[in-house]
Amino acid sequence: MGNNGSSLSDMNLFSKGAVFTREQLDEYQDCTFFTKKDIIRLYKRFYGLNPQKVPTNMQGTRPSIVTLTFEEIEKMPELRENPFRRRICEVFSEDGRGNLTFDDFLDMFSVFSEMAPLQLKLKYAFRIYDFDNDDHLAHDDLSKMIRSLTKDELTDEEVEFIIERIIEEADLDGDDRINYAEFEHVVSRSPDFIRTFHIRI
């Protein structure tokens with residue numbers, strides 16, 4: 001890097017030994033759905049979002065301290081077009097504001113991976129749609145969800161109609177909102193859910 005013409009590949013900065021300790025990689029592999037090779041690949045993605053901020057040595061506590069802002073994270077092609085990109089980052093961020101440490105970043109991609117089980121994906125999907133974090137999808141949550149999905153192209157009347165239909169379909173206990181069990185009951189029957197709740201690394 002710099003003026004000497006060397007590159008990251010020349011310096012082999014991303015070799016397993018240079019970035020993480022063996023113990024770190026073992027721990028990451030145990031608590032995610034990734035291989036060690038996947039973890040290094042994701043670190044490269046994280047590093048590439050701001051090479052000035054992310055160190056090439058992530059040993060010790062650095063993965064839980066070095067933080068990229070939401071504005072840096074949302075540049076990723078996988079998130080750039082996602083209408084829920086800010087909410088996704090908020091749910092996975094330690095600070096709740098969408099700023100991600102490498103640990104947060106790895107957790108996010110792990111949940112969105114092909115290997116993550118349906119129950120885990122459902123849990124996080126519910127959290128993403130629960131905008132006010134009250135453990136229910138009520139009218140305002142559903143309105144924000146619909147407007148995000150349709151890019152605000154529907155009239156208020158059309159949004160209200162869709163909300164009524166969702167409540168009618170999913171609200172089993174009649175309290176005009178959807179709890180996690182009701183959400184799970186409806187969404188787990190959707191064949192498209194797994195396909196859409198996925199980010200390829």
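This is a predicted model: local features need pLDDT of at least 70, side-chain atom pairs count only at pLDDT 80 or more; totals for chains, interfaces and linings use all residues.
Helix α10 covers residues 139-149 and helix α11 covers residues 156-170; their axes come within 10 Å and cross at roughly 120°. Because of that angle, α10 counts as oblique to α11. As for the hand, α10 and α11 make a right-handed crossing.

Which residues make the contact between them? On the α10 side you can pick out H139, L142, S143, M145, I146 and R147. Facing them from α11 are D156, V159, E160, I162, I163, I166 and I167. Sorted by class, that contact of α10 with α11 comes to 8 nonpolar, 2 polar and 3 charged residues.

While we're on α11, have a look at E169, which sits in that helix. If we set aside the neighbours within four places in sequence, E169 is in contact with V186 and R189. For a sense of distance, take E169 and I128: they are 41 residues apart in sequence, and their C-alpha atoms are 20 Å apart in space.

I128 brings us to its contact with another helix. Helix α7, residues 85-92, and α9 have axes that come within 9 Å and cross at roughly 115°. This crossing of α7 and α9 is right-handed. From α7, the residues R87, I88, V91 and F92 meet Y124, R127 and I128 of α9. What classes do they fall into? The contact of α7 with α9 has 5 nonpolar and 2 charged residues, with no polar ones.

Let's stay with α9 and turn to its partner α12. The axes of α9 and α12 come within 10 Å, crossing at roughly 120°, and therefore α9 is oblique to α12. Is the crossing of α9 and α12 left-handed or right-handed? It is right-handed. Here α9 brings Q119, L122, K123, A125, F126 and Y129, while α12 brings Y180, F183, E184 and V187. By class, the contact of α9 with α12 holds 7 nonpolar residues, 1 polar and 2 charged.

The largest pocket holds about 670 Å³. It is lined by 25 residues, and those closest to its centre are Y129, M145, L149, F183 and V187. Some of those names have come up already: Y129, F183 and V187 belong to the contact of α9 with α12, and M145 belongs to the contact of α10 with α11.

Which elements give two or more residues to the lining of the largest pocket? They are α9 (118-129), α10, α11, α12 (180-187) and α13 (192-196). The helix that gives the most is α10, with 4 residues.

Methods: Residues are numbered from 1 along each chain as its sequence is written. Side-chain values use heavy atoms; hydrogens and water are left out. Axes are lines fitted to C-alpha atoms, for helices over the stretch in contact, and angles run from 0 to 180 degrees between N-to-C directions. Angles under 35 degrees count as roughly parallel, over 145 as roughly antiparallel, 65 to 115 as roughly perpendicular and the rest as oblique. A crossing is left-handed if the near helix is turned anticlockwise from the far one by less than a right angle, and right-handed if clockwise. Contact means heavy atoms within 4.5 Å. Ala, Val, Leu, Ile, Met, Phe, Trp, Tyr, Cys and Pro count as nonpolar, Asp, Glu, Lys and Arg as charged, and the others, Gly among them, as polar. On a 1 Å grid over the protein atoms alone, a cavity is a set of points where a 1.4 Å probe fits but cannot get out, and a pocket is an open set with protein on both sides within 12 Å along at least five of seven lines; lining residues have an atom within 4 Å of a point. Grid points are joined across faces, edges and corners, and a volume is the space filled by probe spheres set on the points.
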